[in-house]
Each structure stands twice: as structure tokens, then as C-alpha cells.
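Subject: Structure for you to look over

Hello,

Here is the structure I said I would pass on. My notes on it follow below.

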Amino acid sequence: MRIARWTDGAGIGEGFVVGDRVVPFSDGQTVADILAGGVDAAHAAFGRVKGEPGTALADVRLLAPVVPASVRDFVAFEEHVEGVSASVDGKSEVVPEWYQAPTFYFTNPHTVLGPGEPVSPPVCERLDFELEIAAVIGGVAGSDGVNLTPDAAASHIFGYTIMNDWSARDLQAREMKVRLGPAKGKDFGTSLGPWIVTADELEPFLDDDGFLAVQAQVFVNGVLTGEDLVSNMGWPFPDLVAYAARNSRVVPGDVLGSGTVGNGGCLGELWGRAGGLTPPPLAEGDVVRMVVEGVGELTARVGAAVPAPPLPPARPRPRTRRRESAQRENTP
């Protein structure tokens with residue numbers, strides 16, 4: 001099944017993509033409702049409407065398929081880490097800590113973009129894309145999503161969508177030197193789409209170790225820039241979900257990105273391997289198209305950079321421990 005959100009110009013629709021048409025859920029249900037019910041409930045909902053005529057897919061504009069409760073983005077591809085590390089400090093390495101746990105960061109759920117929606121980056125010199133596939137969490141009866149084992153976590157994966165984690169590499173590099181982030185180098189836009197494909201649809205692509213062996217490709221202005229098998233991840237998706245839930249909680253509507261695939265899944269990796277900005281950073285008007293086997297295509301154009309209001313640097317301050325007024329009051 002394919003779950004989508006769309007607009008026809010008059011309002012927002014939510015439902016299934018059936019062939020070349022979109023069919024709304026029955027009884028006014030939303031994607032959030034369907035995710036909360038889980039895959040089995042989604043099949044039941046599909047059975048109630050699959051014969052409806054719906055609306056031609058060509059007559060609607062697809063939106064991001066989910067309004068995320070949160071967005072976690074992992075860094076699960078060793079080859080990506082090797083290349084990007086070289087672009088940062090000239091040394092290609094994967095630190096030992098990477099192998100110990102599937103590290104992630106939280107990004108902004110309020111700047112999610114849908115298929116075909118242009119990204120408006122900050123003013124930067126090294127704009128980049130990141131080709132990823134993301135798991136979308138659904139509800140499981142009797143589970144609160146806390147401290148899941150990998151086996152239990154697998155049942156919480158409702159489906160998958162394509163994710164483009166847009167990145168301003170020069171802004172990100174400054175932030176990372178402060179040993180925190182990324183933040184403003186990332187949080188201006190994350191593209192998701194074109195729809196959510198339920199996990200059962202991709203089960204034929206699982207290899208013997210539980211990794212999702214689908215082909216992922218990215219094209220910039222029609223030129224193939226990178227391609228990889230998603231099964232080259234260091235951990236399968238259930239492990240990522242289990243780690244996210246460790247001493248914490250995952251809930252329906254959470255989105256968990258795989259991290260950037262290797263072999264050209266982003267320009268930063270290629271810059272590190274080339275020792276320079278080849279291919280060049282993205283610029284206004286560039287079109288980035290991502291294709292993931294079994295899921296679909298996600299395309300976006302780079303829009304004009306948006307200048308932000310100026311912000312002053314930190315002001316030098318004396319390291320006073322008490323307010324002057326308090327000092328006077330306590331003077332005998």
C-alpha cells in the first residue's frame with residue numbers, strides 16, 4: 001500500500017495511492033490516524049475504499065506524506081562517513097565510536113517539504129543534498145514504544161519513504177567545531193515523499209541478515225551523481241528504531257532517516273574523495289531527483305537563498321559571580 005497526502009487546490013486530502021489515482025480514507029481519517037492504527041488497520045482501511053474512483057494522481061499535488069511527530073536522522077553508512085570526514089579535515093576516517101552505536105541527531109519537523117516543493121536554503125557556499133530512506137513509525141497494540149528490542153522494534157516500522165536531508169556544509173562545519181549540532185546547517189529543510197510504502201511491500205527486498213537491499217540513486221540536473229544499496233548500512237532499520245527507543249520512546253508519526261547512502265549519496269562525500277569542490281555545490285535552479293527501488297521518486301529544485309536577519313557575535317563579558325546591587329546589600 002502507498003499512503004499519501006495531497007492538495008487539489010481546494011483543500012488537503014489524505015488517503016491511498018491506488019494505481020494512477022488517489023483515494024481518500026473513509027470516515028475522515030488522516031495519515032496520523034492510520035499510522036496510529038498500524039499496518040493491519042491500514043489494510044482494513046484500504047479494503048473499504050480500494051474500489052472507489054478517487055481522483056487522478058495527475059490532477060493533485062502531493063504533499064509530504066506525514067506531518068512528523070519528530071525527525072531523527074542517523075549516520076548509518078560507513079562509506080559516507082569515510083568520504084565526508086575527508087572533506088572536513090582532509091583525513092578519511094571512521095572513528096571507533098561510530099561502530100559502537102547508530103548515532104543520530106534530531107532535525108526540524110516544522111520545515112518538512114513535499115515532492116516538488118523547492119528548498120529555500122540559507123545564504124551559504126556549500127549547499128548539498130543527502131540521499132536517504134526513512135522509516136515511519138506506526139502504532140502497535142500493547143506497546144508504548146519504550147526500550148524496544150530489535151525484534152519488537154521491527155513491528156513498529158509502518159513503512160518507508162525517501163528523505164533528502166538538505167545541508168549547508170559551511171554552516172554545519174562551524175557548528176560542529178563548537179562540539180554541538182548540526183543545527184542551522186540542516187534545519188532549514190528536509191524533503192519527504194512521494195508517499196509512504198508499507199513495510200510489508202518491501203519485505204521481498206530484505207536480505208538474509210534483515211537489511212533492506214533496495215537500490216538508491218540520486219541525479220543532479222539529470223546526471224547520475226550517486227547510487228548505493230541501502231543494505232550497505234551498518235545496522236538494519238529495526239536496530240535504529242530500537243536505539244531511538246532506548247531509555248526513550250518512539251511514537252506513531254516519528255520519522256527515522258537512514259543517514260546518507262555511500263558512493264556519492266551526497267556532494268560532501270565526493271568533495272572529500274576529490275580533495276576539492278568537485279562536483280560543485282548546489283546552486284539556485286539545480287534539480288535534485290532521488291529514486292529508491294520499491295518506493296518511488298522524490299524531486300526538488302533549489303530555490304533562491306533567503307538572507308536571515310543579522311545577529312551579533314558573542315559580547316565579551318566579565319565573569320562576575322554576583323550582581324553589583326547584591327554586593328552592596330551584603331556589605332557590612
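What radius of gyration would a compact globule of 332 residues have, and what does the chain have? A compact globule with 332 residues would come out near 20 Å, and the chain has 22 Å, which agrees. Please keep in mind throughout that this is a predicted model.

Overall build

The secondary structure comes to 7 helices and 18 strands. Taken along the principal axes, the C-alpha atoms fill a box of roughly 80 × 55 × 45 Å. Of the 332 residues, 48% count as buried. The accessible surface of the chain is about 16,300 Å², and 52% of that belongs to carbon and sulfur atoms. Among contacts in the chain with a separation of 6 or more, 74% are between residues 24 or more positions apart.

The largest pocket has a volume of about 1,100 Å³. Its lining is made up of 35 residues, and V75, V84, V88, Q172 and M176 lie nearest its centre. The elements that give two or more residues to this lining are β6 (70-74), α2 (78-89), β7 (104-107), α4 (169-177) and α6 (267-274). Of these, α2 gives the most, with 7 residues. By type, the lining of the largest pocket divides into 14 nonpolar, 9 polar and 12 charged residues.

The second largest pocket has a volume of about 520 Å³. It is lined by 16 residues, with P122, L171, K184, A308 and P309 nearest its centre. Here the lining divides into 11 nonpolar, 1 polar and 4 charged residues.

Helix α5

Helix α5 covers residues 237-244 and is mostly covered, with 6 of its 8 residues buried. The buried residues are F237, P238, L240, V241, A242 and A244. They pack against β6, β7, β10, α3, β11 (157-165) and β16.

Backbone points to check

There are two cis peptide bonds to look at. One joins G181 and P182, with omega about 5°. P182 lies in the loop between α4 and β13 (190-198). The other runs from G193 to P194, with omega near 0°. P194 is found in strand β13 itself.

N147 has a positive phi, near 50°, in a residue other than glycine. N147 sits in the loop between β10 (131-137) and α3 (150-155). Is N147 buried, partly exposed or exposed? It counts as partly exposed, because its relative accessibility is 45%, and the range for that class lies between 20% and 50%.

N263 also has a positive phi, near 55°. Its place is in the loop between β16 (254-257) and α6. At 40% relative accessibility, N263 counts as partly exposed.

Two buried residues

T260 lies in the loop between β16 and α6. Why does T260 count as buried? Its relative accessible area is 1%, and the cut-off for buried is under 20%. Leaving out residues up to four places away in sequence, T260 touches F77, H80, E130, L131, E132, G265 and C266.

G38 is in helix α1, which spans residues 31-49. With a relative accessible area of 4%, G38 is buried. Leaving aside neighbours within four places in sequence, G38 is in contact with G139 and F158. For a sense of distance across the model, G38 and N221 are 183 residues apart in sequence, and their C-alpha atoms are 38 Å apart in space.

To go through this on screen, start with the largest pocket, where V75, V84, V88, Q172 and M176 lie nearest the centre. Then go to α5 and its buried residues, including F237 and L240. After that, look at the cis bond between G181 and P182 and the one from G193 to P194.

Regards

Key
Residues numbered from 1 in each chain as written. Predicted model: local features only at pLDDT ≥ 70, side-chain atom pairs only at ≥ 80, totals over all residues. Heavy atoms only, no water. 1 Å grid on protein atoms, 1.4 Å probe; cavity = no way out; pocket = protein on both sides within 12 Å on 5 of 7 lines; lining within 4 Å. Points joined across faces, edges and corners; volume = space filled by probe spheres on them. Helix = DSSP H or I, 4+ residues; strand = E, 2+ residues; numbered from the N terminus. Nonpolar A, V, L, I, M, F, W, Y, C, P; charged D, E, K, R; others polar. Rg over C-alpha atoms; globule rule 2.2 N^0.38 Å. Buried < 20%, exposed > 50% of the residue type's maximum accessible area, 1.4 Å probe, protein only. Contact = heavy atoms within 4.5 Å. Areas by Shrake-Rupley, 256 points an atom, 1.4 Å probe, with all protein chains shown as cover.
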